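Visitor: I would like to learn how to read a few features of a fold from its model. Please take them one at a time.

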Amino acid sequence: MTSGVIYLLTGPKHAARLVVSLASLRRHYDGPVIVYSTQTESHEVARRCAADARLQVEHRVAEQVAIRKNSSFVTKIQLLLNAPFETTCYLDSDTLVTGSMDRLLNVTTQEQFVATRFAHWVTTGKTIRKRIERWREVKSKQFDIPRLVESALECERPSVTSGVRTVRRG
């Protein structure tokens, strides 16, 4: 498979939103979709989604990254680091798909990462700047977090949402 969409359901809180998101996605996209789940309650929801022929999804169990803060967010990243498709689009469970997925799934070979803008917010705005600053607390052996934080704050850039993004494998 060359491209597909993945979701992560870490708990039952967003179960209803996931079903709505999947239904909205299926109005615009008929390719492969995988729903990952990390908890007993979310496994059951994902299994039921996979059993519903209208949604046409595969269910896979994922292990939630065991860290004190931001574990769901880091689990999303972990899923993308081990992307199941050559081009993988991640959608948050509360994403409402209102149009074509082509721009997110038909990326060029030069594009490694595609993100969508969050409203008209920018990285130097009060709210987003605070969110970026909080990343200084995250420890990583794979990424130079301090350098990434400094780079993100050095000039005004559009703020992106972590809930809709595409990566190419590698």
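This is a predicted model: local features need pLDDT of at least 70, side-chain atom pairs count only at pLDDT 80 or more; totals for chains, interfaces and linings use all residues.

Visitor: In which sense do β1 and β4 pair, and over how many bridges?

Guide: The pairing of β1 with β4 (residues 87-91) is parallel and spans 4 bridges.

Visitor: Which residue is the bridge partner of Val5 in β2?

Guide: Val5 has Val33 as its bridge partner there. The strands β1 and β2 (residues 33-37) run parallel and are joined by 5 bridges.

Visitor: How many residues of β1 are buried?

Guide: In β1 (residues 3-9), 7 of the 7 residues are buried, so the strand is mostly covered, with buried taken as under 20% relative accessible area.

Visitor: Which residues point one way from β1, and which the other way?

Guide: Ser3, Val5, Tyr7 and Leu9 point one way, while Gly4, Ile6 and Leu8 point the other way. Residues of both sets are buried.

Visitor: Now the helices. What describes two packed helices?

Guide: The description uses the angle between the axes and the distance between the axes. Here, the axes of α5 (residues 126-134) and α6 (residues 145-153) cross at roughly 165 degrees and come within 9 Å.

Visitor: Why are α5 and α6 described as roughly antiparallel to each other?

Guide: The cut-off for roughly antiparallel is an angle over 145 degrees. The axes cross at roughly 165 degrees, and therefore α5 and α6 are roughly antiparallel to each other. The crossing in which α5 passes α6 is left-handed.

Visitor: Which residues of α5 and α6 meet?

Guide: From α5 come Arg129, Ile132 and Glu133, and they meet Val149, Ala152 and Leu153 in α6. By class, the residues of this contact are 4 nonpolar and 2 charged, with no polar ones.

Visitor: Let us turn to the backbone. What is the phi of Gln56?

Guide: The phi of Gln56 is near 50 degrees, which is a positive value in a residue other than glycine. Gln56 lies in the loop between α2 (40-51) and β3 (58-61). With a relative accessible area of 49%, Gln56 is partly exposed.

Visitor: Where is Ala119 placed, and what is its phi?

Guide: Ala119 is in strand β5 (residues 113-122). Although Ala119 is not a glycine, its phi is positive, at about 50 degrees. Ala119 is partly exposed, and its relative accessible area is 46%.

Methods: Residues are numbered from 1 along each chain as its sequence is written. Side-chain values use heavy atoms; hydrogens and water are left out. Axes are lines fitted to C-alpha atoms, for helices over the stretch in contact, and angles run from 0 to 180 degrees between N-to-C directions. Helices (H or I, at least four residues) and strands (E, at least two) are DSSP runs, numbered from the N terminus. Angles under 35 degrees count as roughly parallel, over 145 as roughly antiparallel, 65 to 115 as roughly perpendicular and the rest as oblique. A crossing is left-handed if the near helix is turned anticlockwise from the far one by less than a right angle, and right-handed if clockwise. Contact means heavy atoms within 4.5 Å. Ala, Val, Leu, Ile, Met, Phe, Trp, Tyr, Cys and Pro count as nonpolar, Asp, Glu, Lys and Arg as charged, and the others, Gly among them, as polar. Buried means under 20% relative accessible area, exposed over 50%, partly exposed in between (1.4 Å probe, protein chains only). Two strands pair if DSSP finds at least two bridges between them.
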